[in-house]
Amino acid sequence: MRLRNNPKANDILAAHDDMVVIDGVQYKNQWHKLFGNNHPIYIEIGMGKGDFIIENASRYPEINFIGIEKFPSVMVGAVKKIDIQDNHLPNLKLLKADAISLRDVFEKGEVNRIYLNFSDPWPKKRHTKRRLTSPAFLEVFQDILVLDGELILKTDNRSLFEYSLVSFQNFGLYFEDVCLDLHHSEGYEDNIQTEYERKFSPFGPIYQIKTRLKG
Ligand code: SAM
């Protein structure tokens with residue numbers, strides 16, 4: 001994602017501490033307390049400007065959603081959207097964190113589902129380890145997910161899709177569903193689009209892989 005640095009980003013996030021969490025470490029094993037219920041927790045890693053997670057939270061009030069993003073300037077986009085729509089949802093938090101450090105933020109089994117939407121493809125071979133579906137990240141995700149937890153990937157990038165299929169298979173994830181053209185296949189009418197999805201779907205298929213830790 002092209003990033004224009006917003007020098008006021010940290011101040012804006014700090015002023016929205018009702019929905020934004022900057023120091024997630026304090027909520028490790030405490031997220032249910034923060035939400036005030038025991039509903040399942042679904043997270044999106046790399047939420048960008050938040051369209052997907054905001055719409056999910058508004059459509060599914062019985063699920064707790066956490067949108068995770070590593071860049072404050074990008075997070076501000078989601079915060080502004082929520083402010084403009086005056087759509088402060090009790091089941092939505094936005095967390096500033098890097099995916100690789102999520103063990104510090106979530107206890108083992110604290111998360112029920114992880115969404116990876118249009119993750120950066122990192123096409124160069126020497127950058128393979130930066131892909132969010134590479135083994136080091138999958139280890140982290142395995143540690144924070146419940147035993148039957150789900151990991152769902154959506155992408156328009158054929159190379160990342162193929163790499164992720166192999167990486168998930170090698171990691172021993174159980175495949176629930178693989179879709180080669182999400183927007184033109186039956187049974188996916190409840191799909192919630194992301195910013196990137198709206199932008200890039202006119203140019204080619206959107207791929208989706210649904211996996212579970214255990215079959
Ligand atoms: N999910 C959004 C969508 O589909 O429109 C944004 C996709 S954008 C290509 C990828 C996002 O992931 C960027 O906002 C980027 O900052 C974020 N990101 C990349 N690596 C990350 C990491 N290690 N931890 C958290 N967020 C990350």
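This is a short chat about a few residues of a predicted model.

Reader: What should I know before I start?
Author: This is a predicted model, where local features need pLDDT of at least 70 and side-chain atom pairs count only at pLDDT 80 or more, while totals for chains, interfaces and linings use all residues. Residues are numbered from 1 along each chain as its sequence is written, and side-chain values use heavy atoms, with hydrogens and water left out.

Reader: Okay, where is Ile82, and is it buried or exposed?
Author: Ile82 sits in helix H4, helices being DSSP runs (H or I) of at least four residues and strands (E) of at least two, numbered from the N terminus. Ile82 counts as buried because its relative accessible area is 2%, where buried means under 20%, exposed over 50% and partly exposed in between, with a 1.4 Å probe and protein chains only.

Reader: And which residues does Ile82 touch?
Author: Leaving out residues up to four places away in sequence, Ile82 touches Met19, Ile54, Asn87, His88, Leu92 and Leu94, contact meaning heavy atoms within 4.5 Å. Met19 is 63 residues from Ile82 along the chain, and their C-alpha atoms are separated by 9.6 Å.

Reader: What about Asp83, buried or partly exposed?
Author: Asp83, which is also placed in helix H4 (residues 72-84), counts as partly exposed because its relative accessibility is 35%.

Reader: Switching topic, where does Gln208 lie?
Author: Gln208 lies in strand E8, which covers residues 207-212, and Gln208 counts as buried because its relative accessibility is 8%. Beyond its neighbours within four places in sequence, the contacts of Gln208 include Ile152, Asp177, Cys179 and Tyr188.
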